[in-house]
Amino acid sequence: MSVPDSKTVLAALWRDVGFDDAALRDIHLTGAEPVLPSSFAVGTAAQAAIAASALAAAEIWRLRTGRRQSVSVDMRRAAIEFRSERYLCVDGQAVDDLRDNIGGLYRCGDGRWVRLHTNLPHHRNGLFKLLGCSHDKSAVQRALDKWQAEALETAAAEAGLVVTACRSFAEWDRHPQGRAVAKLPLLSIEKIGDALPKKLPAAERPLAGVKVLDFTRIIAGPVCGRTLAVHGADVLLVTAKHLASIRSLVIDTGRGKLSAAVDLRDASGRGTLAALLRDADIFVQGYRPGAIAAHSFSPQEAARMRPGIIYVSLCAYGQDGPWAQRRGFDSLVQTASGLNDAEAQAFGSREPKALPAQVLDHGTGYLLAFAAMAALKRRMTEGGSWHVRLSLAQTGFWLRQLGRIDGTACNDPGFGDVGDCLEETSSGFGRLTAVRHAADMDETPPRWVRPSVPLGADAAAWPR
């Protein structure tokens with residue numbers, strides 16, 4: 001397959017959500033593949049997704065002010081932003097706590113590969129219990145020698161753990177979940193309630209005054225919130241003390257956000273969230289399907305509490321199919337859906353090969369922000385409450401449809417290669433060196449006003 005140019009990819013995204021083609025004249029895209037070592041069009045996906053979110057912000061600003069502006073995105077800078085968690089320093093020291101020493105690829109007794117995700121303690125400890133082994137890679141391998149890959153995948157899912165068997169594209173296309181994902185659109189925006197149109201007044205930034213509840217963790221959902229924040233939204237990240245986190249991701253994706261602790265297991269916590277929701281414009285949640293709804297904050301309940309809400313749902317495998325309720329992460333979806341097998345074939349690798357970025361996470365994050373702004377435009381012009389849905393697996397299928405490139409000889413950029421993409425700021429953790437946003441806008445330059453802070457550092461209240 002030949003790879004379409006980024007502007008064609010962007011135009012398809014733009015039209016899918018009903019934006020006016022006139023805005024596409026305001027976008028300027030530079031650069032060309034390959035920009036990262038991959039056989040997939042990672043740079044094209046990064047550029048199109050980030051450009052879509054930035055152009056959507058420009059469109060919201062046009063509706064608020066009547067003024068257009070030019071938007072530019074360079075492909076290399078976009079691809080580097082898709083790896084933002086890799087280029088992070090606090091007080092001059094790299095922050096790298098993304099992986100423990102147990103997770104990764106293993107062969108099972110039937111000769112097939114599986115990927116284990118053990119970065120969060122409860123997943124790691126649950127896996128040791130399932131396998132009946134100690135915290136040691138050799139012990140894990142000995143235990144896996146007794147398992148078949150798909151049997152382990154199923155047993156892990158039934159135990160609430162995260163393991164996937166490696167499949168080829170052909171195997172995934174025959175799988176019931178692969179077939180379900182292939183039938184879904186990339187993203188959906190559904191009206192779930194009535195509300196009067198709500199125009200936003202003229203402002204200096206596209207999303208100034210827009211209040212966003214960010215109920216997400218790890219990468220995809222937090223990138224959505226970070227993207228809305230870079231265009232001026234008031235984003236309140238909500239977590240709880242009992243939930244596990246990864247420090248480097250908190251620092252990187254927390255830029256631009258307030259951070260509060262609210263425990264939905266308590267009636268007082270649910271009351272706090274209800275009060276926040278009544279003044280919110282966008283609610284982004286990325287927990288296991290049904291988890292937030294179990295606390296009485298489903299899309300329909302949120303729309304009743306807050307007519308005009310934009311409710312954004314993120315999951316791993318899509319809302320349909322036998323895996324719709326399964327937990328999942330980018331690396332696992334890559335493995336299950338054939339991406340790692342195809343990448344390995346391109347590079348001549350004997351074992352599955354991961355993409356050179358968490359493309360499904362980052363791509364989904366920017367596309368969620370893009371779709372949330374498309375829904376916000378609908379609320380401004382026609383009213384209503386709206387439900388946005390997207391999954392990592394849908395983004396993976398979209399990436400696959402972009403075609404293949406010859407990126408096997410492309411260099412893998414290290415920290416010393418990306419200095420022109422970095423910025424230094426203060427943070428609640430120390431002096432922060434991190435990737436700056438890849439989009440340039442001539443009237444409303446994207447920027448994070450609030451520094452990233454430790455989880456729960458702020459009150460559970462909107463800024464005044």
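Trainee: Let's start with proline 4. What is its relative accessible area?
Mentor: It comes to 30%, so proline 4 is partly exposed. Keep in mind that this is a predicted model.

Trainee: Where does proline 4 lie?
Mentor: Proline 4 is in the segment before helix 1, which covers 6-16.

Trainee: And what does proline 4 touch, leaving aside its neighbours within four places in sequence?
Mentor: Proline 4 is in contact with Val9, Thr44 and Leu402. Proline 4 and glycine 403 are 399 residues apart along the chain. Their C-alpha atoms are separated by 7.9 Å.

Trainee: Now asparagine 125. Which helix is that in?
Mentor: Asparagine 125 is in helix 4, residues 121-131. Its relative accessible area is 47%, so asparagine 125 is partly exposed.

Trainee: How many residues separate asparagine 125 from valine 312, and what is the spacing in space?
Mentor: They are 187 residues apart in sequence. C-alpha to C-alpha, asparagine 125 and valine 312 are 31 Å apart.

Trainee: Switching to helices. What describes a packed pair?
Mentor: Two things: the angle between the axes and the distance between them.

Trainee: OK, then helix 9 and helix 15. What are the angle and the axis distance?
Mentor: Helix 9 is residues 220-230, and helix 15 is residues 359-382. They pack at about 45 degrees, with axes 7 Å apart. That angle is why helix 9 and helix 15 are oblique to each other. Their crossing is right-handed.

Trainee: Which residues make that contact?
Mentor: From helix 9, you have Ala220, Val223, Cys224, Arg226, Thr227 and Leu228. Helix 15 brings Asp361, His362, Thr364, Gly365, Tyr366, Leu368, Ala369 and Met373. By class, the contact of helix 9 with helix 15 has eight nonpolar, four polar and two charged residues.

Trainee: Is helix 9 mostly covered or mostly open?
Mentor: Helix 9 is mostly covered, with eleven of its eleven residues buried. The buried residues include Gly221, Pro222, Arg226 and Val230.

Trainee: What follows helix 9?
Mentor: Glycine 232 follows helix 9, and its phi is positive, near 105 degrees.

Trainee: Back to helix 15. How does it cross helix 16?
Mentor: Helix 16 is residues 392-401. The axes of helix 15 and helix 16 come within 9 Å and cross at roughly 100 degrees. So helix 15 is roughly perpendicular to helix 16.

Trainee: Which residues are in that contact?
Mentor: On helix 15, Val359, Leu360, Asp361, Gly363, Thr364 and Leu367. On helix 16, Leu392, Thr395, Gly396, Trp398 and Leu399. The residues of the contact of helix 15 with helix 16 divide into six nonpolar, four polar and one charged.

Trainee: What about glutamine 358: buried or exposed?
Mentor: Glutamine 358 counts as buried, because its relative accessibility is 15%. It is in the loop between helix 14 (339-347) and helix 15. Not counting residues up to four places away in sequence, glutamine 358 touches Phe82, Glu85, Arg99, Ile219, Asp330, Ser331 and Gln334.

Trainee: Last topic, the largest nonpolar core. Which residues touch the most other members?
Mentor: That core has 102 residues. Ile189, Leu228, Ile282, Tyr317, Phe370 and Leu399 touch the most other members. Another core, of 23 residues, lies apart from the largest one. Leu213, Phe215, Ala302 and Ile309 are among its residues.

Technical notes
Residues numbered from 1 in each chain as written. Predicted model: local features only at pLDDT ≥ 70, side-chain atom pairs only at ≥ 80, totals over all residues. Heavy atoms only, no water. Axes fitted to C-alpha atoms, helices over the stretch in contact; angles between N-to-C directions. Helix = DSSP H or I, 4+ residues; strand = E, 2+ residues; numbered from the N terminus. Parallel < 35°, antiparallel > 145°, perpendicular 65-115°, else oblique. Left-handed = near helix turned anticlockwise from the far one by under 90°. Contact = heavy atoms within 4.5 Å. Nonpolar A, V, L, I, M, F, W, Y, C, P; charged D, E, K, R; others polar. Core = buried A, V, L, I, M, F, W, Y, C linked by side-chain atoms within 4.5 Å. Buried < 20%, exposed > 50% of the residue type's maximum accessible area, 1.4 Å probe, protein only.
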